[in-house]
Structure formats: structure tokens, C-alpha cells
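Take a look at the structure below.

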Amino acid sequence: MFWTIPTLMTWARIVAIPLIVGVFYLPIEPDTRNLVATVMFVVFAATDWLDGYLARKLNQVSAFGAFLDPVADKFLVCACVLVLVHLGRADVFVALIIIGREIAISALREWMAQIGAAKSVAVHMIGKLKTTAQMVAIPFLLFDGMLFGAIDTHLWGVWLIWISAVMTVWSMVYYLQKALPEIRSRVK
């Protein structure tokens, strides 16, 4: 199951990272860079939904795919947030919250899986809402202009990235609360 269509789509998200970052080093107009990076992010982010759908539809669900999918998502989001900080479009505090949470919850999930309690930190709706806010904020901030002459994507992106940072903390607290009984029972 290493080279299935869904797994290749997941790999594409990882390969997309240097491509999206590289766009900002090209000698082209800033508005063009922003547009190209935004379109690339949206296309590659959409593969997250599509690869899961295809894995189920084609009966190509695998343990490797289940591992790689969230890793690819986290790499893509974290890389883009760092680019946004570098461009001055996102606050470093937001980046620290988002990246720190991803590291902490990934480590928590790994530990909970090792002790046989992975279900207590399974993905919850708050985590999905956090991800949705991030996946809208990031392309808005990458675009950084007026969309359709009416939507200030920078303004909306800043609001959404801060909302996602708050939801990031909220989801981390939720997962830690769910894991706390297992942690208490094993740490003496």
C-alpha cells in the first residue's frame, strides 16, 4: 500500500512544500507569486479530502496511509505558517501556538497509542474546526489582496488565523483532558 493513488496524493502534499515556499523566491511580480502560492496550497490541501475518499472508495486504506496523511497535513500547514511569518503576514506567536500544538498532540497520540489508549485522543470535531479555520486562513494570507474586488483576504486571513490559534489551544486542552485519566493511571 506504499504506492497507491491515495498515498501518492499524500506524498504530493509533502512534495508541494518546497514548491510553495520556492514561489516566493521567484523573480516575478508579488501579486503573481501570491496567486500561484495560493492556488498551489488550495489544490494540494484539497488532496487531503480526496485521498481519504479515494482510499475508502478504492479499498486502499492502509496503516501507512493513516500514518502519512496527518504528517503531510501538519508539514504543509506548519511550512506555510512559517512562510507567512517570514512575509510578515502572520504573527510569530500564532506560529508558535500552531506548531507547538501539533508537536505536543502528535507526541501525546503516539504515547497514547503505545499504552493502548489511542481512542481517548481520537480526532474530535474541535480539531476538525481548527483545521478548517487554518485551511481558509492560510490561502487568504498567501493571497494577501483583494479577492473579487470586495474581500480583503489579508484582514480576513488575520482574523481567521487568530481564531484558529484560539481553537488550536482549545483543541489541545480538550485532548489533554481526554488523556489525563490515562496519564494519571500510568504515572506514579
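Helices here are DSSP runs of at least four residues, strands are runs of at least two, and both are numbered from the N terminus. Keep in mind that this is a predicted model.

Begin with helix H4, residues 92–114. How far apart should its ends be? The expected span is 1.5 Å times one less than the number of residues. H4 has 23 residues, so it should span 33 Å. Its end C-alpha atoms are 33 Å apart, which agrees.

Now look at the two ends. Aspartate 91 caps the N-terminal end of H4. One of its side-chain oxygens lies 2.7 Å from the backbone nitrogen of phenylalanine 93. After H4 comes glycine 116, with a positive phi near 80°.

Which residues of H4 are buried? Among them are Val94, Ala95, Ile97, Ile98, Leu108 and Met112. Arg101 and Glu102 are buried too. The buried residues of H4 pack against H3, helix H5 (125–143) and helix H6 (153–186).

Next, the loops. Asparagine 59 sits between helix H2 (30–57) and helix H3 (63–86). Its phi is positive, about 55°, although asparagine 59 is not a glycine. Is asparagine 59 buried or exposed? Exposed means over 50% relative accessible area. Asparagine 59 has 64%, so it is exposed.

Phenylalanine 148 lies in the loop between strand E1 (146–147) and strand E2 (151–152). Phenylalanine 148 is a residue other than glycine, and its phi is positive, near 55°. With a relative accessible area of 73%, phenylalanine 148 is exposed.

How values were computed: Residues numbered from 1 in each chain as written. Predicted model: local features only at pLDDT ≥ 70, side-chain atom pairs only at ≥ 80, totals over all residues. Heavy atoms only, no water. Buried < 20%, exposed > 50% of the residue type's maximum accessible area, 1.4 Å probe, protein only. Contact = heavy atoms within 4.5 Å. Polar contact = N/O pair within 3.5 Å; in protein donor to acceptor, adjacent residues only side chain to side chain.
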